[in-house]
Amino acid sequence: GGFSGGSGGGKKDTKGQTSLNINIKTEPFSLHPGLANDSVSGGVIRQTFEGLTRVNSKGEPEEGMASKIETSKDGKTYTFTIRDGAKWSNGDSVTAQDFEYAWKWALDPNNESQYAYQLYDTKLAEDAKTEKIKDNEVNIEGLN
């Protein structure tokens with residue numbers, strides 16, 4: 001599924017900002033990336049959030065919010081460098097801790113994130129989700 005827009009490049013609002021109106025046909029279940037569990041929510045989230053990586057037009061993974069991805073020699077540690085100048089919509093800088101918080105939030109059993117299993121390749125992530133350990137023991141660490 002995808003989105004289809006109107007007949008052109010958007011419309012200018014009263015402040016000269018360009019907008020794009022998209023018919024998503026139904027109300028999204030959630031716009032919280034850790035709670036969204038349907039295609040409508042996922043479609044909106046993909047249009048409004050950027051992860052560390054993304055899939056390009058050729059269907060290949062590439063850097064997204066990360067400007068560089070390093071893999072340790074043993075293939076067990078990935079280091080993502082956040083893109084210079086990355087900002088939230090309110091102007092705050094995007095930090096590595098933002099990603100750490102989001103991933104650990106999804107692994108917290110109290111938050112009922114249905115897609116937390118996508119993080120299970122991370123050492124101890126499944127143990128955190130099933131409450132065998134505390135989330136601060138998961139090998140996810142945001143460094144600045």
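Modeller: What follows starts from one residue and its surroundings, then turns to other parts of the chain.

This is a predicted model, in which local features need pLDDT of at least 70 and side-chain atom pairs count only at pLDDT 80 or more, while totals for chains, interfaces and linings use all residues. Residues are numbered from 1 along each chain as its sequence is written, and side-chain values use heavy atoms, with hydrogens and water left out.

The residue is S41, which sits in helix 1, residues 39-48 (helices are DSSP runs of H or I with at least four residues, strands are runs of E with at least two, and both are numbered from the N terminus). Its relative accessible area is 0%, so S41 is buried (under 20%; exposed is over 50% and partly exposed lies in between, with a 1.4 Å probe and protein chains only). With neighbours within four places in sequence set aside, S41 is in contact with P28, F29, S30 and A36 (heavy atoms within 4.5 Å).

S30 belongs to the loop between strand 2 (18-19) and helix 1. The two serines are 11 residues apart in sequence, and their C-alpha atoms are 5.8 Å apart in space. The side chain of S41 reaches the backbone oxygen of S30 at 3.0 Å, a polar contact (a pair of N or O atoms within 3.5 Å; within protein, one must be able to donate a hydrogen and the other to accept it, and residues adjacent in sequence count only if both atoms are side-chain atoms). The side chain of S30, in turn, reaches the backbone nitrogen of H32 at 3.0 Å. S30 is also buried, because its relative accessible area is 12%. Residues up to four places away aside, S30 touches L35, A36, S41 and I45.

Elsewhere, helix 2 (residues 96-107) has 12 residues, which at 1.5 Å a residue should span 16 Å; its end C-alpha atoms are 17 Å apart, which agrees (the expected span is 1.5 Å times one less than the number of residues). Its buried residues include F99, W105 and L107. The buried residues of helix 2 pack against strand 6 and helix 3 (125-129).

Strand 6 (residues 78-82) runs antiparallel to strand 5 (residues 66-71), joined by five bridges (strands pair if DSSP finds at least two bridges between them). I69 stands opposite F80 of strand 6. Six residues lie between the strands of this hairpin, where G75 takes a positive phi near 75°.

As for confidence, the chain has a mean pLDDT of 86, with 91% of its residues at 70 or more (pLDDT is the predictor's confidence in each residue, from 0 to 100). Over residues 1-8 the pLDDT is below 50, and beyond near neighbours in sequence this stretch has eight contacts in the model.
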